[in-house]
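Here are some notes for a colleague who is new to this structure. Please read them with the model open.

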Amino acid sequence: MADLIWFHEDMLRATHPVFEHAGEDATAVFIWDDTYFDMAGYSLKRRVFLYETICHLPVDIYRGDTAKRIGQLAETALAQKIVTGSTPNPALQQIMQKLSATHELQQVDDEPFVTLEGPADLKRFFRYWNQARKTAFDINGAN
C-alpha cells in the first residue's frame with residue numbers, strides 16, 4: 001500500500017517537503033474542481049496559471065469534487081494514508097477535515113515564504129501582500 005499525495009494550490013513546486021514525507025511509491029494527484037474554483041472566485045487567468053504550473057509537476061490531474069475524488073483515489077489505490085501540505089486556506093482545511101473523518105491524513109508543513117504579524121488576510125491578494133511584503137524578500141535578516 002502506497003501513500004496518496006493530494007497536491008493542492010498551496011503546494012505548487014516540485015521540491016515541496018510532502019515528497020520527503022510520503023512513501024517512495026506514493027502517487028501525487030491534483031483535483032481540478034470547477035465548483036471549488038467558482039466558489040473561490042478564480043478568474044480564467046488564475047486557472048490558466050494553475051493548470052500551466054501543475055503540468056510541470058510530477059502529479060496526475062483528475063477532475064471532480066476534491067473530497068470525493070481524493071477519497072475514491074485513496075480507496076482504489078488502497079492508500080495507507082493521504083499526505084498533503086498544510087495551508088491557511090479555510091476551504092482546503094474544510095476538505096482536509098472531511099477527508100480525515102474517513103482516511104488517515106497527514107499534513108506536511110512547508111518552509112514559510114513570509115512571517116506575518118497576525119493572521120493572514122486571504123480575502124484579496126493585495127491585502128495579503130501588504131502584510132507579507134515586509135518580510136517577503138528578507139534574506140538572513142536583510143531586505
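1. Start at Leucine 78, in the loop between H4 and E4. Helices (H or I, at least four residues) and strands (E, at least two) are DSSP runs, numbered from the N terminus. Most residues other than glycine have a negative phi. Leucine 78 is not a glycine, yet its phi is positive, about 50°. Leucine 78 counts as exposed because its relative accessibility is 55%. The cut-offs are under 20% relative accessible area for buried, over 50% for exposed, and partly exposed in between (1.4 Å probe, protein chains only).

2. A word on the source. This is a predicted model, in which local features need pLDDT of at least 70 and side-chain atom pairs count only at pLDDT 80 or more, while totals for chains, interfaces and linings use all residues. Residues are numbered from 1 along each chain as its sequence is written, and side-chain values use heavy atoms, with hydrogens and water left out.

3. Next, the helix pair. H4 (residues 66-76) packs with H5 (residues 90-100) at an angle of about 40°, and the axes are 10 Å apart. H4 is therefore oblique to H5. Angles under 35 degrees count as roughly parallel, over 145 as roughly antiparallel, 65 to 115 as roughly perpendicular, and the rest as oblique. Axes are lines fitted to C-alpha atoms, for helices over the stretch in contact, with angles from 0 to 180 degrees between N-to-C directions.

4. Which residues in H4 meet H5? They are Thr66, Ala67, Ile70 and Gly71; their partners in H5 are Ile95, Lys98 and Leu99. Contact means heavy atoms within 4.5 Å.

5. Ile70 also matters for the core listing. The largest nonpolar core has 33 residues, and Trp6 and Ile70 touch the most other members. Such a core is a set of buried Ala, Val, Leu, Ile, Met, Phe, Trp, Tyr and Cys residues joined through side-chain atoms within 4.5 Å. Elements that each supply at least two residues include strand E1 (4-6), helix H3 (44-54) and strand E5 (105-108). Leaving out residues up to four places away in sequence, Isoleucine 70 touches Leu4, Trp6, Val29, Ile31, Ile82 and Leu99.

6. Two further sites. Threonine 35 lies in helix H2 and is exposed, at 61% relative accessible area. Cysteine 55 sits in the loop between H3 and strand E3 (60-63). Cysteine 55 is partly exposed, at 44%.
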